Amino acid sequence: MLATSAAARSLLLRSRAASSAAASTLLGSTRSASLEPYSDYGKSLFTGRIADEYLKKHGSSGDILKDPSWTKTHSDVVAKAVLDWAVDRGANTYCHWFQPMASSGVRHGQTGQVQNMMMKFNRNTNDVEFDFDGKNLIKGETDGSSYPNGGLRATHQAGGYLAVDTSSPIFLRGDTIFIPSAFVSYYGAALDEKTPLLRSNAAISKHGKRLLKHLGLDIGDRAVVSNIGLEQEFFLVPREHYYRRPDLQLAGRTIMGRDAPRGQEMCDHYMAPPSMANPALACMQEIQDECWRLGIPLKTRHREVAPNQYEFAPLYGYNTTQIDQNLMVMQIIEEVSARHGLAALLQEKPFNDVNGSGKHNNWSIATEDGIMMLHPKAINNATGNPAAFAVIMSAIIAAVNEHGDLMRMAIASPGNDFRLGACEAPPAIVSTYLGDDMTFYLSHFKDGKGEGEYIPSLKTLDLGTREVLPFEVPAEDRNRTSPFPYGGARFEFRAVGSSQNPSMVNTVINTIVAEKFAEYSDRIDAGEEPHDIARQALNDNWRVVFNGNNYDEAMQKELTDRGIWRIDSGVEAVARLTAEKNVKLFEKMKVLTKEECESRQTILHDHYTGTVEIEAKCMIDMIQQHIIPSVKAAGIGPLGDLEAAITTLKSALKEVHDAEDSYKKAQLSRVLRLETMIDIRALCDAAEEVVPANLWTLATYKELLFLDCHTSVPTEQEPTFYDE
């Protein structure tokens, strides 16, 4: 059932178009497929043809938006065009839209904003006038006192300053236009996720251009850019049962709950057909429709491995735009699901003993005009250098080996505590998979056996049937157990958590690779040959290449024995942010200062501690208000142990509160979460096992996880459309 007028009208238009086409066919006429039903797609994004149309009304064109200097030279013109576009689309409000730190899992939408009307009253006539000009558009100021800052500003220094990010288009939703912005303190320190990412983009462009020039390609004023594609996994559960789980409502995951008799052991949910007997498909259709109208190319949808788990994947794009859009996708998923009687769970591990959710971060680099630097043929042809690809790959391999600790830090979201290495995500050991062909190619290069063209092999599958003809497939299989596999023109960082803002992930990848590009360029400037530098790097860092099964414990031991970065604790991984080598790296690349590294470490540790505190308090409430009363009513279950558990939890929380600093608090919180609370969970689950169902007041895994099995089917045959 479709609950919003916008999605309803869009889908209804498509239905009518299909009916019209069918009628034409019956009458003997033929016609090409029409895009008319999709004419609204992308109109809520101020870029391309839309921006050009409105800017031309003011004597300019969309071309000015390609140069960030428009904020100095044409801000009033752009503001007038944006105002016209906004009013035509029914909007009258604007905001600078930014990304505070430590938002995952708690802040709806993971963004900050103050919404201001684009109008004012004339003091003399009391008539309404528009009030939106270049000054309003390009910058803003807000009270930054209540955002996490890790000591970067004092309470009496509360100013937070916002500046438009020209790399990510302005967009419109409802009555509001959203201006993607950087958020900094009075002294220019980054208070957000976006600013370091933008700095890392500058670093990889600067040093990527240097290296390309040494390899034979001078791109002049064009930039080297980082492109990404973000696959978003999530769960949809019945909202009526979600309201019977305080832990899901407040912490995003079940901190207790006995396994249902059925889980994912039959692999029956993965890519199964979406059922039209429950609201999940209609919900996903509406999410896609709203995203496309916002200019978000959410192309793929499918069921994932766990019951009630799903995935969306967009077309790839520039990293700042993709991240901004991913944050909006997560917000839309949460909001639309509620309109369909569902609750969306974005946390990494909402349920025990079934797969958790990730956000696979497909990362690549290219010149601004589209020459892919991780595509062997493309970059070798563009540079006229048969070794260019091997040189670039050697730098990335060296970066992963040297700075695997930072890559692990970047994925240390609280929810990943329960997900990494659990046969659903790579373990906390940072290696890279190349595949046999690429490994052979680079191995020959590093050993000086050849620099020929890399040609990935294909193989033919012949099924022995008349109906299905033989067809070709890549000779390389996928390796879903690797944290950072090469996938042909891109690397896929598979360990990123589903609830994360992926800005830090991409900041780290950009920075460590940029630093290697800079090192190579400096050495070439000093007289060394690119081939020699690359061969040395491959030989020195080859241990990080691993094509085997990362889930296998024997293989994990082998990788650990090699000396590859392995940090099992997310709390300890976060602490690597202030390691001397890493502070030097960020300062050298002008991405983060020492003070900014220290503040982020504190913020991330505080975020972890706060997350665990919420979970522990939920556990106390659920035991006191639900489990103990159910056990007493049934006259069966571990009543004494449950009562003692309350005291244990309260004592552990007090110990956390009494700790002297953020790092120690986080360390104690990890023990509370992964030892104490797991032991107490076993007591709660034992009680659920013996208490009769009619006396158990919390929603069970059976009720939460199987939409297909217990969702009522509406009696009407046609979907009903409601106006907002």
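**A walk through the predicted model**

In this predicted model, Leu434 makes contact with Met393, Ile397, Thr439, Leu442, Tyr486, Phe491, Trp542, Val545 and Asn547, leaving aside residues up to four places away in sequence. Leu434 is also a member of the largest nonpolar core, which has 78 residues. Within this core, Leu434 and Trp363 touch the most other members. Helix H12, spanning residues 388–402, supplies the largest share of the core, with twelve residues. In soluble globular proteins, nonpolar side chains tend to be buried together.

Some nonpolar side chains lie at the surface instead. Leu461, Leu463, Val468 and Phe471 make up a nonpolar surface patch, and together they have about 310 Å² of accessible area. Leu461 belongs to strand E16, which covers residues 458–461. The relative accessible area of Leu461 is 30%, so this residue counts as partly exposed.

The next stop is strand E10, residues 224–238. How many of its residues are buried? The count is 15 of 15, so the strand is mostly covered. E10 pairs with several other strands, and these can be taken one at a time. With strand E15, residues 359–367, E10 pairs in the antiparallel sense over nine bridges. In that pairing, Ser226 stands opposite Ile365 of E15. Strand E13, residues 317–318, also runs antiparallel to E10 and is joined to it by two bridges. Here Asn227 has Tyr318 in E13 as its bridge partner.

Strand E12, residues 309–314, pairs with E10 in the antiparallel sense through four bridges. Gln232 stands opposite Phe312 in E12. Strand E14, residues 342–345, pairs with E10 over four bridges, again in the antiparallel sense. In this case Val237 is the residue that stands opposite Ala343 in E14. In a regular strand the side chains alternate between the two faces of the sheet.

Charged side chains form another set of links. Across the whole structure, a search finds 39 salt bridges. One of them joins Lys66 to Asp63, with the closest N and O atoms 3.3 Å apart. Lys66 has a relative accessibility of 67% and therefore counts as exposed.

Another salt bridge is formed by the side chains of Lys194 and Asp324, at 3.0 Å from N to O. Lys194 lies in helix H6, residues 194–215, and Asp324 lies in helix H10, residues 319–339, so this pair ties together parts that are 130 residues apart in sequence. Are the two partners buried or exposed? Lys194 is buried, at 2% relative accessibility, and Asp324 is buried as well, with a relative accessible area of 3%.

Glu286 has a relative accessible area of 0% and is buried, whereas Arg339, with 34%, is partly exposed. Both residues belong to a network of salt bridges that also includes Arg173, Glu290 and Glu335.

Two loop residues complete the walk. Ser60 is in the loop that runs between helix H2 (48–56) and helix H3 (70–73). With a relative accessibility of 15%, Ser60 is under the 20% limit and so counts as buried. Its contacts, not counting residues up to four places away in sequence, are Leu55, His74 and Val77.

Gly421 sits in the loop between helix H13 (404–410) and helix H14 (436–446). At a relative accessible area of 29%, Gly421 is partly exposed. Apart from residues up to four places away in sequence, Gly421 touches Pro426 and Pro427. The C-alpha atom of Gly421 is separated by 9.6 Å from that of Asp552, a residue 131 places away along the chain.

Key. Residues numbered from 1 in each chain as written. Predicted model: local features only at pLDDT ≥ 70, side-chain atom pairs only at ≥ 80, totals over all residues. Heavy atoms only, no water. Core = buried A, V, L, I, M, F, W, Y, C linked by side-chain atoms within 4.5 Å. Buried < 20%, exposed > 50% of the residue type's maximum accessible area, 1.4 Å probe, protein only. Contact = heavy atoms within 4.5 Å. Patch = residues over 30% accessible without salt bridge, like charges linked within 9 Å, V, L, I, M, F, W, Y side chains within 5 Å. Areas by Shrake-Rupley, 256 points an atom, 1.4 Å probe, with all protein chains shown as cover. Salt bridge = Lys/Arg side-chain N within 4 Å of Asp/Glu carboxyl O. Pairing = 2+ DSSP bridges.
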